[in-house]
Amino acid sequence: MPITLFVVVPCYNEEEVLSETTKRLTELFSELANRNIISNDSRIVYVDDGSADRTWSLIEEFGKKDCRVRGIKLAHNAGHQNALMAGMMSTMDCYDCVVTIDADLQDDVNAITQMLEKYSEGCDVVYGVRSKRATDTAFKRVTAQSFYKIMKMMGVDVVYDHADYRLMSRRAVEALSKYPERNLFLRGMVPTLGFKTDKVYYERSERFAGESKYPLKKMLSFAFDGITSFTVKPIKAVTTIGVIACLIAVVMGIFAIVRQISGQTVSGWASLMCSVWFIGGLQLLGLGLIGEYIGKIFKEVKRRPLYIIEKDTQK
């Protein structure tokens with residue numbers, strides 16, 4: 001029996017690439033439908049995350065030409081993770097399984113066929129994993145690898161070299177919908193579901209057109225959000241550093257007293273200033289880190305909606 005597949009594509013100012021993305025996905029849908037793998041009720045769901053260009057008008061245009069294209073417009077820019085949730089949750093009653101993929105065509109759409117094979121074998125979650133990073137710069141490659149290693153060190157269960165290209169069954173999405181947090185980090189949340197999983201490997205391509213929506217600053221922010229959303233180890237690390245600093249201070253105090261008694265005192269202005277700046281820096285770091293966690297608590301307790309849907313082309 002053919003599967004009803006939805007492919008959720010978050011879009012933020014993607015007018016330059018959207019035509020090609022639609023072409024490749026509709027071609028794949030036609031091929032899969034001809035092979036009786038997916039049903040005619042399958043859909044490509046574009047989620048416009050507050051774009052300022054012609055992204056939404058293009059989505060509406062594609063939807064009028066092809067009923068397989070559905071558009072969801074968010075009332076404001078909610079962020080990549082929230083846009084993914086909007087697409088998955090608002091269409092959950094319509095599909096058997098859903099694939100999430102970015103619009104930039106760096107992820108190979110043909111890997112969806114392999115994902116569906118894994119799904120038919122009983123997998124509820126299938127991760128799209130990059131087999132290599134040949135198209136990445138050396139800097140991006142090193143920082144990405146460091147990110148996954150740090151996440152592992154912090155105790156966060158993430159799939160190495162996997163972004164947000166994945167297939168999820170309907171029951172896996174239903175389980176994910178029960179997670180109440182507002183600080184979303186899907187790469188860490190999905191592995192905690194506990195269903196049967198597998199991986200599909202593919203080669204990552206260069207961006208087809210347009211500019212990356214994840215510059216270095218945003219990537220670092222995303223990484224930090226992921227760490228602070230899933231583990232309190234950074235706070236524990238700061239506590240450990242504080243204890244070590246106190247022990248050093250005690251040792252230095254004893255050393256200073258001994259030197260004073262023995263009459264071997266030195267002015268020590270430079271060492272004193274270094275110590276003051278060092279300890280002051282540690283204190284500010286600790287306060288800033290605690291502030292990040294308090295900020296996340298603040299967002300959670302407000303319970304504001306993750307997204308607000310302004311338009312849906314098929315409703």
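Among contacts in the chain between residues at least 6 apart in sequence, 83% join residues at least 24 apart; contact means heavy atoms within 4.5 Å. This is a predicted model, where local features need pLDDT of at least 70, side-chain atom pairs count only at pLDDT 80 or more, and totals for chains, interfaces and linings use all residues. Residues are numbered from 1 along each chain as its sequence is written, and side-chain values use heavy atoms, with hydrogens and water left out.

**Whole chain.** Show the cartoon. The chain has ten helices and eight strands. Helices (H or I, at least four residues) and strands (E, at least two) are DSSP runs, numbered from the N terminus. Colour by accessibility next. Buried residues make up 42% of the 315 residues. Buried means under 20% relative accessible area, exposed means over 50%, and partly exposed lies in between (1.4 Å probe, protein chains only).

**The sheet.** Select the strands. Eight of them form an open sheet with mixed pairing, in the order S7-S5-S6-S4-S1-S2-S3-S8. S7 and S8 (309–312) stand at the edges with a single partner strand each, so one side of each has no neighbour in the sheet. Neighbouring strands are turned by 20° against each other on average, direction ignored. The axes are lines fitted to C-alpha atoms, for helices over the stretch in contact; angles run from 0 to 180 degrees between N-to-C directions.

Strands of a sheet pair through backbone hydrogen bonds, either parallel or antiparallel. Here, two strands pair if DSSP finds at least two bridges between them. S5 (residues 125–130) and S7 pair in the parallel sense over six bridges. Val129 has Tyr201 as its bridge partner in S7.

**Strand S1.** Select 5–11. Seven of the seven residues of S1 are buried. Leu5, Val7, Val9 and Cys11 point one way, while Phe6, Val8 and Pro10 point the other way. S1 runs parallel to S4, joined by four bridges, and parallel to S2, joined by six bridges. Pick Val7. Its bridge partner in S4 is Val99; in S2, the bridge partner of Val7 is Ile44.

Move to Val9. Which residues does Val9 contact, leaving aside its neighbours within four places in sequence? They are Leu25, Ile44, Val45, Tyr46, Val47, Ile101, Asp102 and Ala103.

**Two cores.** A nonpolar core is a set of buried Ala, Val, Leu, Ile, Met, Phe, Trp, Tyr and Cys residues joined through side-chain atoms within 4.5 Å. In the largest core, of 35 residues, Leu5, Val7, Val9, Tyr46 and Ile112 touch the most other members. S1, H1, S2, H2, S4, H4, S6 and S7 each supply at least two residues of this core. The largest share, five residues, comes from H1. Another core lies apart from it, with 30 residues, among them Ala83, Val98, Val125 and Val173.

**Helix H1.** Select 18–34. H1 has 17 residues and reaches 24 Å from its first C-alpha to its last, close to the 24 Å expected at 1.5 Å a residue. The expected span is 1.5 Å times one less than the number of residues. Show side chains: Leu18, Thr21, Thr22, Leu25, Thr26, Leu28, Phe29 and Leu32 are buried. They cover an arc of only 160° around the axis, which puts them on the same side of H1. The arc is that of the directions from the helix axis to the C-beta atoms. The buried residues of H1 pack against S1, S2, H2, S3 (69–74) and H4 (111–120). H1 lies across S1, S2 and S3, at about 155° to S2.

**Helices H2 and H3.** Select 55–65. H2 lies across S1, S2, S3 and S8, at about 150° to S3. Then select 80–90. Ten of the eleven residues of H3 are buried, including His80, Gln81 and Asn82.

**Three loop stops.** Most residues other than glycine have a negative phi, and most peptide bonds are trans. Asn36 has a positive phi of about 60° although it is not a glycine. Find Asn36 in the loop between H1 and S2. Is Asn36 buried or exposed? Asn36 is exposed, with a relative accessible area of 51%.

Leu105 has a positive phi of about 65°, and is not a glycine either. Leu105 sits in the loop between S4 and H4. Leu105 is buried, at 5% relative accessible area.

Finish at Arg54, in the loop between S2 and H2. At 45% relative accessibility, Arg54 counts as partly exposed.
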